[in-house]
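Subject: Structure handover

Hi,

Here is the structure for you to look over. My notes follow below it.

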Amino acid sequence: MEKQNYYQPEIECAPREEIRKWQSEGLVRTVRHAYENSAYYRKKMDEHGVKPEDIRGLEDIHKLPFVSKNDLREAYPYGLLCKPLSECVRIQSTSGTTGKRVIAFYTQHDIDAWDDCCARAIVAAGGTKDDVVHVSYGYGLFTGGAGLNGGSHKLGSLTLPMSSGSTERQIQFMQDLGSTILCCTPSYAAYLGETIVEKGLQDTIKLKAGIFGAEAWSEEMRRDIESKLRIKAYDIYGLTELEGPGVSYECCEQHGMHLCEDQFIAEIINPKTGEILPDGEKGELVFTSINKEAFPMIRYRTRDICVLSHEKCSCGRTHVRMAKPMGRSDDMLIIKGVNVFPSQIETVLIDNGYSPNYQLIVDRVNNSDTLDINVEMTHERFSDTLGEITSREKQLVNALKGFLGIYAKVHLVEPKSIPRSEGKAVRIIDKRKLY
Ligand code: DLL
C-alpha cells in the first residue's frame, strides 16, 4: 500500500464512538438552529409533530421529516436560510437550470468547513502543498471550481483557477506551470487526455493524479483517463445542497468514497417507503448536515441510489464509505455535468407549440455526452417544406440552449411515429450505461 497522508488526521481517523458523539451533538444543535431560525423548517417540523426537544441524539433522527428538492423550490430563495444575509458571504447554485436552480448560502464558517473537506480530498489523492492544482471545473455559480479551489488554497498548493473550456490553453498551462493534480469532470478529463495523446504531448505533461466527479463515470472510463493522462484518477462526490464537492472522496484504496462524517450524517432509505436500510443495502442517500450555519439540511433526499459500508478501510480513515452512485430515484439526467429534468425539455417543447410526444436519446460519444431529441410534428406542420422544417429545428435548438444551457440535436419526426406506451411513456433512452 502506498503511504497515506491525511489533512486532518484527528478527524479523518477518529474512533467511531467519537464520530457518533459529534453526530449526536451536531444533530441536536442543527435541529434547534433550523427550528428557531427558519419559518419553513419550523412549519415542516410542526406539521410532522416533532419539536427540537424530541431530538436527543442520533437515535432520534428517524423522527424528523425528509426535505426534498421540492421543498427547496418552494422555500426559494430564503425560506431555509438560517442566518441573516449580513452574515452570509457567498451563494452557489446547482448545475441545473432556470426554474429548477437551488441556491445555497454560506457563512465564512461554512466556507471554511467546505474548504477543509476539499483539502482532505486533495490530500487523499496524494496532494501536498508542493503540488500545482489545476482546477478545470466550472467557476461561477457551480460549486466545482469554487470547492476545489478553496481546498487547494487551504492546503497551500499552487492553485490554477482555469475553469472549463479552452482546451489548448489548459494544455499550455499544464506544460508551462507543471500542473500535477487535475480537477474537472471525468468527461472533460477524458477529452483532455484524448487531445494530449492526439497531439503527442504525453511526455510534456507532469500530472500525477486527478480528482473527478459531478457526474457518474464507469471503471472503464477511469482506466481510459488513467492511461491517456498517465495518472491515478480519484472520484469525488458532492451536491450543492450540502456544500458542493467534498461530501465524500476516494482514498488510495479506491474502494468507495469516505464521507465527511464530522459534517454530515448519511442514511440509506427505501425510496418508496422512507424506511431506513442497513449497511450494504441499496437505497436512496439521505443527508443531514451537522455543522452548517447558513443553510442546514435536515434529512435531505438526494435521489442518488447508493450503498454504504462501515467496514474498516486499510487507508486508516474511519469515516463511512459510499459506493459510486448507482442511479437516481427520480428522472434527473446529468448531461455534460448539467442537471437536466425531462420536464424542463417538455416545457420548452410545449411553449414552442409542440405536443408532449418526444423522446430523449442520451449517449456518450468519444467520452462526451450527446443529447438527441425526437419531437413529433403536428399534422399541419408535417406538410411544411424541408427548409421550413430545418429552420424549425434550429429554432428549437436555440430555445433549448437558452433554457437548459446545453446543446441538444433536435429531430422533428412524423406525427405518431414515437411509440406510445400503455403505462409510463418511455421518454428517455440513456445509452451511456453509467450505472
Ligand atoms: O455536482 C458538486 C460536485 C462538483 C461534485 C464537482 C463533485 C465534483 P450539483 O450540481 O448540485 O453538485 O449536482 C449534484 O451530481 O446528487 C449526483 O447525482 C451527481 N454527482 C456528483 N458527484 C458525483 C459522482 C455537484 N462522483 C449531483 N458520481 C449529485 C456520480 C455524482 N454522480
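Helix α10 passes helix α12 in a right-handed crossing (left-handed if the near helix is turned anticlockwise from the far one by less than a right angle, right-handed if clockwise). α10 covers residues 342-351 and α12 residues 386-404. They pack at an angle of about 135°, with their axes 10 Å apart. Axes here are lines fitted to C-alpha atoms, for helices over the stretch in contact, and angles run from 0 to 180 degrees between N-to-C directions. The two helices are therefore oblique to each other (under 35 degrees is roughly parallel, over 145 roughly antiparallel, 65 to 115 roughly perpendicular, the rest oblique).

From α10, the contact is made by Gln 344, Ile 345, Val 348 and Leu 349. From α12, Leu 396, Ala 399, Leu 400, Phe 403 and Leu 404 take part. Contact means heavy atoms within 4.5 Å. The residues of this contact divide into eight nonpolar, one polar and no charged (nonpolar: Ala, Val, Leu, Ile, Met, Phe, Trp, Tyr, Cys and Pro; charged: Asp, Glu, Lys and Arg; polar: the others, Gly among them).

A word on provenance. This is a predicted model: local features need pLDDT of at least 70, side-chain atom pairs count only at pLDDT 80 or more, and totals for chains, interfaces and linings use all residues. Residues are numbered from 1 along each chain as its sequence is written, and side-chain values use heavy atoms, with hydrogens and water left out. Helices (H or I, at least four residues) and strands (E, at least two) are DSSP runs, numbered from the N terminus.

Next, the sheet. Nine strands form an open sheet with mixed pairing, in the order β4-β3-β5-β6-β7-β8-β9-β14-β13. Two strands pair if DSSP finds at least two bridges between them. β4 (158-161) and β13 (308-309) stand at the edges, each with a single partner strand, so one side of each is left without a neighbour in the sheet. Helix α9 (residues 219-229) packs on the sheet. It touches β5 (181-184), β6 (209-213), β7 (232-239) and β8. The direction of α9 makes about 130° with that of β7.

β5 and β6 pair in the parallel sense over four bridges. Ala 209 in β6 is the bridge partner of Ile 181. Five of the five residues of β6 are buried, so β6 is largely enclosed by the rest of the structure. Buried means under 20% relative accessible area, exposed over 50%, partly exposed in between (1.4 Å probe, protein chains only). Ala 209, Ile 211 and Gly 213 point one way from β6; Gly 210 and Phe 212 point the other way.

β8 (residues 244-250) and β9 (residues 257-259) pair in the antiparallel sense over three bridges. Met 257 in β9 is the bridge partner of Glu 250. Gln 254 lies in the loop between β8 and β9. Its phi is positive, about 50°, although Gln 254 is not a glycine.

- At 47% relative accessibility, Lys 336 is partly exposed.
- The peptide bond from Tyr 76 to Pro 77 is cis, with omega near -5°. Pro 77 lies in the loop between α4 (69-74) and β1 (88-93).
- Ser 289 sits in strand β11 (residues 283-289). Ser 289 is buried, with a relative accessible area of 0%. Not counting residues up to four places away in sequence, Ser 289 touches Thr 30, Gln 263, Phe 264, Pro 296 and Met 297.

Best wishes
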